[in-house]
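This report walks through a model of two protein chains, one topic at a time. Keep the sequence and the 3D view open as you read.

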Amino acid sequence: MTDEGQLEVRAGLAAHLARLWRYGLLLSGRRDAAEDLVQATCVRALERSGQFMAGSRLDRWLFSILRSIWLNELRARRIRQGEGIVDAETHLVFDGLKQVETNILARQVLTQVQALPEAQRETLFLVYVEGLAYREAAQLLEVPIGTVMSRLAAARESLGRLSAGAIDAPARGNE
Amino acid sequence: MGDFSQERPTDADLVAQLDGELAADRLAWMQDWLARDAELRALHELLAKGGRRFDEAFGALLDAAPRQRLESTLAGALAQRPEAEIVRPSFGRRGSGSRVWPRLGLIAAGIALFLAGALAQAELPLLSGMFGERSSEQAEDEWRQAAAQYVSLYTAETLSNIADDPAPRERELGALGKKLGLALPLTSISLPGLSLKRVQVLQYDGKPLGQIAYLDPHDGALALCIYDGGSADRAPASEQRVGLNVVYWSTRGRAFMLVGHLPASRLQEFASLLTRQMTL
């Protein structure tokens, strides 16, 4: 017996495909892996559509599914196969960057963000691109809200030093 | 809450302030510290410099997404999980009076059967009245919603297997033209850069609905839909439905719409072209 939530998932998936792909690309750094992630997310979302609460944020729910598949399946498999992920702080190179039509400034931003450590990169993406509030990001990432904040601070500090004319700032205290 | 006034803001506090997430009762505290602590001010400035137009830069990635392939895989996943039964209606009007359309899933189930040739009648399911309710006035845009939902199920794969052969298209256009009371020679509905793939005679709410499907090598399926529902002339206008771009207009008592993933500007150009071609 189908219900409201299940129908919402079936009807709503199409609208989020591009954003899911983008999230997958940010996590994996690879276009093919991003497509795999979207496909796996669609299948898993349909399997679990009975768990989706009608009227709640479908995009957040789909993001958490994609993330879970990445962490528990794809990423783990790639580590075992030695495909370029060494540890949690690995910097990834964005393989499809050349193919993305964009201006020089935007490309620079993308490159700089992809060069950040994994945790900072993902947190920055969720908050500053997808617009999640700190609390929402903390929930999705399953970390305390303070961790979200310190990751954003660390990311901003790195990017801030890359900016022309970055000033000398004191060492970070108060960890 | 304890007295935090003697605590120096951390970098987490600074970020929160930059992002508008600092608690209201801490704003004055932050301003106070920034005013008197040069080192803190310098760090604040550094963190501020770390901001970028992130959403603009990442917006380009959305455009780079392989939409056709993603939609195909979704269609495949949906097809493997057909909905088991008809469900309670979730249909009605929200407080503001905006329409709540019946779930796409139901339409998809019916149309999947139609595409598979299982239904004899080429009738698109009526959106209102699906569960016995009929409003006294059908919304003018209802046929566009039904047609757009149908087109949203097309993928490039659906059409690319059809050979480019004008003869069957001419025959189909003749049949459609008869139904609609319009002359539809191939030249009148040709669009530059697109292959004409399929012409279908459908119905909506008992009135003829023509659907002419094209394939664009880059943006996938585009449909020109013509509905003989009786409508006053109107100039082309743009909208979005079911995640697709739409340009719609009415002339000589027929309603027209172009619907697909092509950019709205291109649809508008095509709309102008068609209105010229179809009056020649």
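In what order do the elements of chain A run from the N terminus on? They run α-α-α-α-α-α-α.

## Basis of the model

This is a predicted model: local features need pLDDT of at least 70, side-chain atom pairs count only at pLDDT 80 or more, and totals for chains, interfaces and linings use all residues. Residues are numbered from 1 along each chain as its sequence is written, chains are lettered from A and ligands numbered from 1 in the order in which they are written, and side-chain values use heavy atoms, with hydrogens and water left out.

## Chain A overall

Chain A has seven helices and zero strands. Helices (H or I, at least four residues) and strands (E, at least two) are DSSP runs, numbered from the N terminus. Of the 175 residues in chain A, 55% are buried. Buried means under 20% relative accessible area, exposed means over 50%, and partly exposed lies in between (1.4 Å probe, protein chains only).

Contact means heavy atoms within 4.5 Å. Among the contacts in chain A with a separation of 6 or more, 65% join residues 24 or more positions apart.

Helix 2 of chain A covers residues 31-47. Its 17 residues reach 24 Å from first C-alpha to last, close to the 24 Å expected at 1.5 Å a residue. The expected span is 1.5 Å times one less than the number of residues. Buried residues in helix 2 of chain A include A:Arg31, A:Leu37, A:Cys42 and A:Arg44.

## Nonpolar cores

A nonpolar core is a set of buried Ala, Val, Leu, Ile, Met, Phe, Trp, Tyr and Cys residues joined through side-chain atoms within 4.5 Å. The largest has 74 residues, and A:Leu124 and A:Val148 touch the most other members. Helix 1 (residues 4-28) of chain A gives the most to this core, with ten residues.

Leaving aside neighbours within four places in sequence, A:Leu124 is in contact with residues including A:Val113, A:Leu152, A:Leu159 and B:Phe54. A second, separate core of 27 residues includes B:Leu173, B:Leu222, B:Phe256 and B:Met278.

## Where two helices cross

The axes of helix 7 of chain A and helix 3 (residues 38-49) of chain B come within 6 Å and cross at roughly 85 degrees. That makes helix 7 of chain A roughly perpendicular to helix 3 of chain B (65 to 115 degrees; under 35 is roughly parallel, over 145 roughly antiparallel, the rest oblique). Axes are lines fitted to C-alpha atoms, for helices over the stretch in contact, and angles run from 0 to 180 degrees between N-to-C directions.

On helix 7 of chain A, the contact involves A:Ala153, A:Arg156, A:Glu157, A:Leu159, A:Gly160 and A:Arg161. They meet B:Leu46, B:Leu47, B:Ala48 and B:Lys49 in helix 3 of chain B.

## Helix 9 of chain B

Helix 9 of chain B spans residues 166-180. Its end C-alpha atoms are 20 Å apart, which agrees with the 21 Å that 15 residues should span at 1.5 Å a residue. B:Pro168, B:Leu173 and B:Gly177 are among its buried residues. The buried residues of helix 9 pack against elements including helix 10 (186-189) and strand 3 (195-204) of chain B. Just after helix 9, B:Gly181 takes a positive phi of about 70 degrees.

## Two loop residues with positive phi

A:Glu142 has a phi near 55 degrees, a positive value in a residue other than glycine. A:Glu142 sits in the loop between helix 6 (134-141) and helix 7 (145-162) of chain A. At 69% relative accessibility, A:Glu142 counts as exposed.

B:Val242 has a phi near 50 degrees, also positive in a residue other than glycine. B:Val242 lies in the loop between strand 6 (234-241) and strand 7 (244-251) of chain B. B:Val242 is partly exposed, with a relative accessible area of 34%.
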